[in-house]
Amino acid sequence: MIYAIKGINDLLDNDARLYEKIIQVSSKVAQNYGYSFINTPHVENTALFRRSVGESSDIVGKEMYEFKDKGGDSICLRPEGTAGVVRAFIERKMDKAGVVKRWFYHGSMFRYEKPQRGRYREFHQFGVECFNIASVYEDASVIMLLCDIFKELDINYQLKINSLGTPICLEKYRSALREYIKNIENKLSFKFCSDCEKRMQTNVIRVLDCKNENCAKHLDKAPKLSDFLDDDSKNDFNKLQEILKNNNIDYCIDERLVRGLDYYSKTAFEFVSDEIGAKAAIAGGGRYDYLVEYLGGAKSYGVGFAMGIERVMDILKSKDSENIIKNAYFCVLDDEYLDLAYNTVSKLRRLGLSVNLVYESRKLVKHLNSALKENYQYFIAIGSDETKNNQFLFKNLYTSQQKLVDFDELKGLI
Ligand code: AMP
């Protein structure tokens, strides 16, 4: 027997139903905000992610499914969705034309992580990316778009926000943070963990992300990024908070919420939930006004987010009953009526009605028991009595109302 690969799972039955529901709800909400669907490849040149996600990140450093193809090119399975969308934007020369674009995407992402609940090697994200809008109103809109998705799916969350300022603010902040860490190490003879040591060389801001409690404790009094923001970034951050308040969106400011790389700027945000473990991240995003340029395009503003579909599914599973109500059970009491039943069901389906036809003829009571067990709402049967008058036996299994109906009545009942 050959099994599926560890951390890479099938999606079926109730999970598949929830997946479809999440995509449907999220796509509809994104469309309400003016976003349209984009589908980019699952496989890209490795260089794209090395540049965009950054060498100092765990994603590129440790987790990429990267290999040489038969032609010797280095390609990889996408670990995230933004880079491909940015590449598509630049490839269409929309950057040079200054086009405003709002796209949403969904699909598989691949990261070689240690598989555990809520963390898989193939997982799915729903995300949006907006190009060429500098206004902080759009930052608020992508946050509100996510709030609307969670509201529609009945998911509780906490929203954390922060501002990263500009690359100039970040550079000044990096120097201050490095200085602070050196002081701690010298004065308190404390050694930060080996990951932090590496981060100090590659990208010191990621030290703030460290999950090691000792490191975190020693960062309590670290310089605050908010003290390094320029006026424009401060104004935008204040405006963002004003818009969120005006729209009754609760949030808290988390000064440790950072994205270490230079092309991220101003707004950063994360949605967390306690329903699947302590403060599990269910979505994250922010502004990336320098990424398009960084990937070789013309200066273009950008803002977006990615939501983890498996984590949202886990939350829904913890509340959602598996009692899915099916629409109509159609059956025959004798084989000779199967053609008539088949043609009738085809007509009903073409009218947009969901009907399941059972091909085996059985006794009425056996069919009824199956329909009840499988949670159907309506039951329709054809036997000799019914065919005589071109009628069907119809039963509403919820109200137990039963009657003989012709086709026209039947199509109005189910
Ligand atoms: P990121 O692209 O790392 O900002 O992740 C965005 C969202 O994707 C996170 O908030 C998680 O909900 C989800 N996510 C990230 N990595 C994984 C994974 N390995 N398995 C499942 N979900 C993930």
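Tutor: Let's start with the term: on a 1 Å grid over the protein atoms alone, a cavity is a set of points where a 1.4 Å probe fits but cannot get out, and its lining residues have an atom within 4 Å of a point. Grid points are joined across faces, edges and corners, and a volume is the space filled by probe spheres set on the points. Keep in mind that this is a predicted model, where local features need pLDDT of at least 70, side-chain atom pairs count only at pLDDT 80 or more, and totals for chains, interfaces and linings use all residues. Residues are numbered from 1 along each chain as its sequence is written, and side-chain values use heavy atoms, with hydrogens and water left out.

Searching the whole structure turns up one cavity of 30 Å³ or more. The largest cavity holds about 30 Å³ of space. Around it sit Ile38, Asn39, Thr40, Arg78, Val85, Tyr105 and His106. That lining splits into three nonpolar residues, three polar and one charged, where Ala, Val, Leu, Ile, Met, Phe, Trp, Tyr, Cys and Pro count as nonpolar, Asp, Glu, Lys and Arg as charged, and the others, Gly among them, as polar.

Now for the packing. A nonpolar core is a set of buried Ala, Val, Leu, Ile, Met, Phe, Trp, Tyr and Cys residues joined through side-chain atoms within 4.5 Å; buried means under 20% relative accessible area, exposed over 50%, and partly exposed in between (1.4 Å probe, protein chains only). The largest such core has 52 residues, and Val86, Phe131, Ile181, Phe192, Cys196 and Val207 have the most contacts inside it. Elements giving two or more residues to this core include α4 (82–91), β5 (101–110) and α6 (167–188); helices (H or I, at least four residues) and strands (E, at least two) are DSSP runs, numbered from the N terminus. A second, separate core of 47 residues includes Ile23, Val25, Phe126 and Val128.

Over in the strands, β14 (residues 376–382) is mostly covered, with six of its seven residues buried. Two strands pair if DSSP finds at least two bridges between them. β14 pairs with β12 (residues 326–332) in the parallel sense over six bridges, and with β15 (residues 392–396) in the antiparallel sense over four bridges. Follow Ile380 across: in β14 it is the bridge partner of Phe330, while in β15 the bridge partner of Ile380 is Phe394.

Terms used
1 Å grid on protein atoms, 1.4 Å probe; cavity = no way out; pocket = protein on both sides within 12 Å on 5 of 7 lines; lining within 4 Å.
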